[in-house]
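This report describes selected local features of one protein chain, and the sequence and structure are shown first so that each residue can be followed by eye.

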Amino acid sequence: NRKASKKEDNSEPVEAGTHNRSPKNSVVPSSEERERDYKEEPSHKGAAEDVVLESNVAIPIKHSKTEKKAKEMSKADRFFYTTYAKNIRKGRYLIVGLFVIWLILSIVFASQLTPPEEAEKFIPDDYETRETPNLMEDHFSKNADDGAQTVDIVWGIDGVDTSTADDRWDPEDFGELEWDNIFDMSPPENQTALYNFCQNLKKVQDQDIVRDGTVFCFLDTFRSYMISKGVGFPVPKDQFMTQIQDYINNPKESNSSEDVENRRIGLIEGRLRYIIVRAVAGDREPASKMFPRHDDWEDIIDNYKKTAPAGVYNPFQTSSAWLWMVSKRALVRNALQGIAIAIAGAIAFAVLVLSTQNIILSIFCHCVYYGYHSECACDYLFQSVRFRHR
C-alpha cells in the first residue's frame, strides 16, 4: 500500500480526455474532474443536463429522436405524439377487434329496422285528451268511413306541371293541372264501361280494399235521373253534355248536390274535364299492411285498363294514406343510410387518426366532411318542401 501510494503521488498528471484505466501508467481523475473535462470538450458543450455519473464516470445520455422532438412540442401535441400514439399501437389489435364487433352488431340491428307493425299512437290511451275519442270508438256506433282510408279513382287529369310555379315556398302555388285531352265520356260505350267499373268495385269482397256500401259513383244517380226523365242510359253522344249540365243544375231532382259539393264532377268551361269515383277502404294501418293494399288497388286499375275503351282507359288511383306509407318507408331508408354514413365516418376517422396520429387534424377533416354533406342534405330538404306541400 505504501509503495502504491508513493507511485500515485510521484506520477505526472494526465491530460483531460486521455484517461487510462491502467494504474501503472496514470492516476484516475476524480469524478469532478471527469465531469469538468466532459463539459469542456467541444462536442459536449451545453450538455450538462445530459450527463450522469455512474461509478465515478461521466456517461452522456443518448436521447431518441422521438424524445428530442417531443421536447419542442406543446403539452397537447406531446401527449398525442408520445403517450397516445404508443397506447394506440400497443392496443391496436384490441381496438380493431372491438371495432369489428361493433360493426357486426350495428349491421345486425340495422337489418332489423322495418316500418312499424302497429298504428302510431302519438298520445297514450290513458291521457286526458284521449278519453273522449276512446268513448266514441268503444260505446257509440260509427259511420262506414270513420277513421277509414278513402281512395279516389280519377279520370281526365294527366298530372301537374310544376315548372309554372313561381314561389317555391308558397304551398298554394303548386303549378298547373295537365288535362288528359283524350278523356271523353260522351260515347255510350264509355259511359257503360265506367258504370260497370263502379258496379264491379262494389262487388269486391275484401273489406280492407272496399267496404260494403261505400262506393260513391256519380253514374248511379245520373243513370237513375236519365231513366226517370225517359232519356235512358247510356245517353246518346250528341245529348250527353246537355244532360250532364241538366243533372248538375237540378240538384233537388237529380240528387247531384253531393257529387257537386265533393267535386266529383269537373264541368269546366262547358266541358266535362274530370270525374272522380270514391271508395272507402279499411282502417288506416301501419305501412307494412298498407303496401299490400296499395298493390291491390293498382291491380284493380290495371285490370280495368285491359278492357277499357278509348277515352276512358287512363285512370289512376290516389289516397292520402299512401303519402304516409311512403314517408314511413323513406324514414326507414334514411335511417339505414344514416347508419351507413355513421359507420363509414367512424372508419374514416379511425384511418385518419392512425395515419396522421393527430386527433385535432382528424376532427377538422371530419367537420369539413360532415359540414359539406349537411349542406347538401339541407339543400335537398328545402327543395323537397315545396313538393311535399303539393
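Helix α5 (residues 92-111) packs against helix α13 (residues 320-356) at an angle of about 170 degrees, with the two axes 11 Å apart. Here helices (H or I, at least four residues) and strands (E, at least two) are DSSP runs numbered from the N terminus, while axes are lines fitted to C-alpha atoms, for helices over the stretch in contact, with angles running from 0 to 180 degrees between N-to-C directions. The angle makes α5 roughly antiparallel to α13, on a scale where angles under 35 degrees count as roughly parallel, over 145 as roughly antiparallel, 65 to 115 as roughly perpendicular and the rest as oblique. On the α5 side the contact is made by F99, W102, L103, S106 and A110, and on the α13 side by L336, I339, I343, A346 and I347, where contact means heavy atoms within 4.5 Å. The residues of this contact divide into nine nonpolar, one polar and no charged; Ala, Val, Leu, Ile, Met, Phe, Trp, Tyr, Cys and Pro count as nonpolar, Asp, Glu, Lys and Arg as charged, and the others, Gly among them, as polar.

The model is predicted, so local features need pLDDT of at least 70 and side-chain atom pairs count only at pLDDT 80 or more, whereas totals for chains, interfaces and linings use all residues. Residues are numbered from 1 along each chain as its sequence is written, and side-chain values use heavy atoms, with hydrogens and water left out.

**Helices α8 and α9**

Helices α8 and α9 pack at an angle of about 105 degrees, with their axes 11 Å apart, which makes α8 roughly perpendicular to α9. From α8, the residues F218, T221, F222, Y225, M226 and K229 meet F240, Q243, I244, D246 and Y247 of α9, and the residues of this contact divide into seven nonpolar, two polar and two charged. In α9 the buried residues are F240, Q243, I244, Y247 and I248, where buried means under 20% relative accessible area, exposed over 50% and partly exposed in between (1.4 Å probe, protein chains only). The face of α9 turned away from the buried side carries the exposed residues T242 and N249. What covers the buried residues of α9 includes α7 (188-202), α8, α10 (251-254), α11, β7 and β8.

The loop between α8 (218-229) and α9 (240-249) contains P234, and a cis peptide bond with omega of about 5 degrees joins F233 to P234.

**Backbone and accessibility**

Most residues other than glycine have a negative phi, and most peptide bonds are trans. R263, in the loop between α11 (257-261) and β7 (265-268), has a positive phi near 55 degrees. E269, in the loop between β7 and β8 (271-283), likewise has a positive phi, near 55 degrees. The relative accessibilities of these two residues are listed below together with those of several others.

| Residue | Relative accessible area | Class |
|---|---|---|
| R263 | 62% | exposed |
| E269 | 79% | exposed |
| R271 | 34% | partly exposed |
| I301 | 4% | buried |
| C198 | 1% | buried |
| C217 | 7% | buried |

**The disulfide**

A search of the whole structure finds one disulfide, a term that denotes a pair of cysteine sulfur atoms within 2.5 Å. The disulfide is formed by C198 and C217, whose sulfur atoms are 2.1 Å apart. The torsion about the S-S bond of C198 and C217 is about 65 degrees, so the disulfide is right-handed. C198 lies in helix α7 and C217 in the loop between β6 (215-216) and α8, so the pair ties together parts that are 19 residues apart in sequence.

I301 belongs to helix α12 (residues 287-307) and, not counting residues up to four places away in sequence, touches I153, F197, P315 and Q317. The C-alpha atoms of I301 and I153 are separated by 8.5 Å, although the two residues are 148 residues apart along the chain. R271 lies in strand β8 and, with residues up to four places away in sequence again not counted, touches N181, F183, M241 and G266. From R271 to Q245 the C-alpha to C-alpha separation is 9.5 Å, and the two are 26 residues apart in sequence.
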